[in-house]
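Visitor: I would like to learn how to read a model of this kind, one feature at a time. Could we look at it together?

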Amino acid sequence: MDTEYCLFNQCFKTMEVAIVIEVTLQDCTGIDLSLKERAEARFQREIEKFFPDEQSMLDSWRAYADAAEGGEINQEQERLARTWLKAFDKARQAGFQGISVEEAYFDVRMS
């Protein structure tokens, strides 16, 4: 959806871009495909509930990725990274509900 706003008699159009989140359950050989898909959907629903909007989720994910790679982060980025960790843990618990796989993990990618 495009939005138009005006400032000092000049009008600008902004375009909202949807953020794509891809969640996959990895290292879960032998699990029924429908169970895997339901686990991924539960994970995604739970992590999306934790953030007020897609941009907040993306900002937290990026801050976490920067911190995990050993980059220097400021206090706000640290707060965002910790928020991502909390959200991820809740989503992981929801995703694994009713599934017993030992080495499996959720991989999250955003663009």
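Visitor: Leaving aside neighbours within four places in sequence, which residues is T83 in contact with?

Guide: Contact here means heavy atoms within 4.5 Å, and, with neighbours within four places in sequence left aside, T83 is in contact with F50, F51 and S60. T83 lies in helix α3, where helices (H or I, at least four residues) and strands (E, at least two) are DSSP runs numbered from the N terminus. The C-alpha atoms of T83 and F51 are separated by 9.1 Å, although the two residues are 32 apart along the chain.

Visitor: What should I know about the model before reading further?

Guide: This is a predicted model, in which local features need pLDDT of at least 70, side-chain atom pairs count only at pLDDT 80 or more, and totals for chains, interfaces and linings use all residues. Residues are numbered from 1 along each chain as its sequence is written, and side-chain values use heavy atoms, with hydrogens and water left out. The pLDDT is the predictor's confidence in each residue, from 0 to 100; its mean for the protein is 86, and 85% of the residues reach 70 or more.

Visitor: Is S60 buried or exposed?

Guide: Buried means under 20% relative accessible area, exposed over 50%, and partly exposed in between (1.4 Å probe, protein chains only). With a relative accessible area of 2%, S60 is buried; this residue belongs to helix α2 (residues 54-68), and its contacts beyond four places in sequence include L80, A81 and W84. The side chain of S60 also reaches the backbone oxygen of L80 at 3.5 Å, while that of T83 reaches the backbone oxygen of R79 at 2.9 Å.

Visitor: How many salt bridges are there?

Guide: Side chains of opposite charge can pair when their charged atoms come close. A salt bridge is a side-chain nitrogen of Lys or Arg within 4 Å of a carboxyl oxygen of Asp or Glu, and by this rule the count comes to 6. One of them joins E78 and R82 (2.8 Å, N to O), which are separated by about one helical turn because they lie 4 residues apart in helix α3.

Visitor: How exposed are D89 and R92?

Guide: D89 is partly exposed at 29% relative accessibility, and R92 is partly exposed at 31%. Their side chains meet in a salt bridge (2.5 Å, N to O).

Notes:
A polar contact is a pair of N or O atoms within 3.5 Å; within protein, one must be able to donate a hydrogen and the other to accept it, and residues adjacent in sequence count only if both atoms are side-chain atoms.
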